[in-house]
Amino acid sequence: MNPRTTTSPTVPADPEATAAAEATAAEASDAEEIPTGKAAAEDASEDLDLDGPDLDDLDDDSGKEPSGLGAAAASVVAAGLGVVALTGSWTGKVAAERETLIGQIKTSNGGTAAQQISEIYGDAWHSTALVNGLFALLALLVGAFALVRPAFGAPSAHPQPGWVRAVATAGIVLGALGLLLSAAMYFDLIVALPTATATQ
């Protein structure tokens with residue numbers, strides 16, 4: 001051992017000074033971790049979901065069952081068309097009046113009684129029967145569509161309501177009856193055209 005070298009004895013550490021130093025270091029590290037100003041605002045905006053729910057997920061109707069609204073509306077329309085086919089419509093009245101006017105024009109310069117009956121009365125009668133037959137055919141087709149609609153498309157867990165089937169069936173029956181009466185009326189099977197009798 002070198003006699004010129006002096007050794008300083010180890011100074012015991014002060015516990016209070018050590019604790020104070022550790023506390024100061026901890027506060028400094030916490031201050032560095034807490035964001036302030038613009039950084040804090042950016043972090044807060046990232047944490048908040050400002051976009052709201054995804055609208056694409058809300059509009060996804062792929063998993064929904066068919067509501068049956070189309071079949072219900074079709075059944076009501078079929079019943080209405082069947083009633084119109086049996087009672088007549090404004091369209092049929094206009095067509096009949098048109099044929100009557102045409103017949104009057106054709107026979108204005110003279111003509112036999114048979115020609116006047118055919119042109120003025122017969123054509124108007126047949127036009128009314130034709131228009132009513134078209135309404136009856138539409139009632140038949142729409143009612144059939146309302147009945148067979150559940151067989152096509154996506155299957156539904158709920159059966160078709162009973163009133164829809166009943167109204168659609170009524171539309172089909174009314175349409176078939178109207179079509180039958182219109183055909184008989186058009187071909188003069190129920191009521192024949194009047195005939196002119198020869199004058200004595």
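Me: Does H4 pass H7 in a left-handed or a right-handed crossing?
Reply: H4 passes H7 in a left-handed crossing, a term used when the near helix is turned anticlockwise from the far one by less than a right angle, with clockwise being right-handed. This is a predicted model, in which local features need pLDDT of at least 70 and side-chain atom pairs count only at pLDDT 80 or more, while totals for chains, interfaces and linings use all residues. Residues are numbered from 1 along each chain as its sequence is written, and side-chain values use heavy atoms, with hydrogens and water left out.

Me: And what angle do H4 and H7 pack at?
Reply: The angle is about 30 degrees, and the axes of H4 and H7 (residues 162-186) lie 7 Å apart; axes are lines fitted to C-alpha atoms, for helices over the stretch in contact, and angles run from 0 to 180 degrees between N-to-C directions. H4 and H7 are therefore roughly parallel to each other, given that the label covers angles under 35 degrees, with over 145 roughly antiparallel, 65 to 115 roughly perpendicular and the rest oblique.

Me: How do the residues of that contact divide?
Reply: They divide into 14 nonpolar, five polar and no charged, where Ala, Val, Leu, Ile, Met, Phe, Trp, Tyr, Cys and Pro count as nonpolar, Asp, Glu, Lys and Arg as charged, and the others, Gly among them, as polar.

Me: Take Ser75, then: buried or exposed?
Reply: Ser75, which sits in helix H4, counts as buried because its relative accessibility is 0%; buried means under 20% relative accessible area, exposed over 50% and partly exposed in between, with a 1.4 Å probe and protein chains only. Leaving aside residues up to four places away in sequence, Ser75 touches Ala146, Trp163, Val164, Val167 and Ala168, contact meaning heavy atoms within 4.5 Å.

Me: Switching topic, which residues make up the largest nonpolar core?
Reply: Six residues do: Leu81, Ala85, Val131, Phe135, Ala136 and Ala139, a nonpolar core being a set of buried Ala, Val, Leu, Ile, Met, Phe, Trp, Tyr and Cys residues joined through side-chain atoms within 4.5 Å.

Me: What does Ala136 touch?
Reply: Ala136 touches Ala85, Gly175, Gly178 and Leu179, again not counting residues up to four places away in sequence.

Me: Zooming out, how many helices and strands does the chain have?
Reply: The chain has seven helices and zero strands, both taken as DSSP runs numbered from the N terminus (helices H or I, at least four residues; strands E, at least two), and 19% of its 200 residues count as buried.
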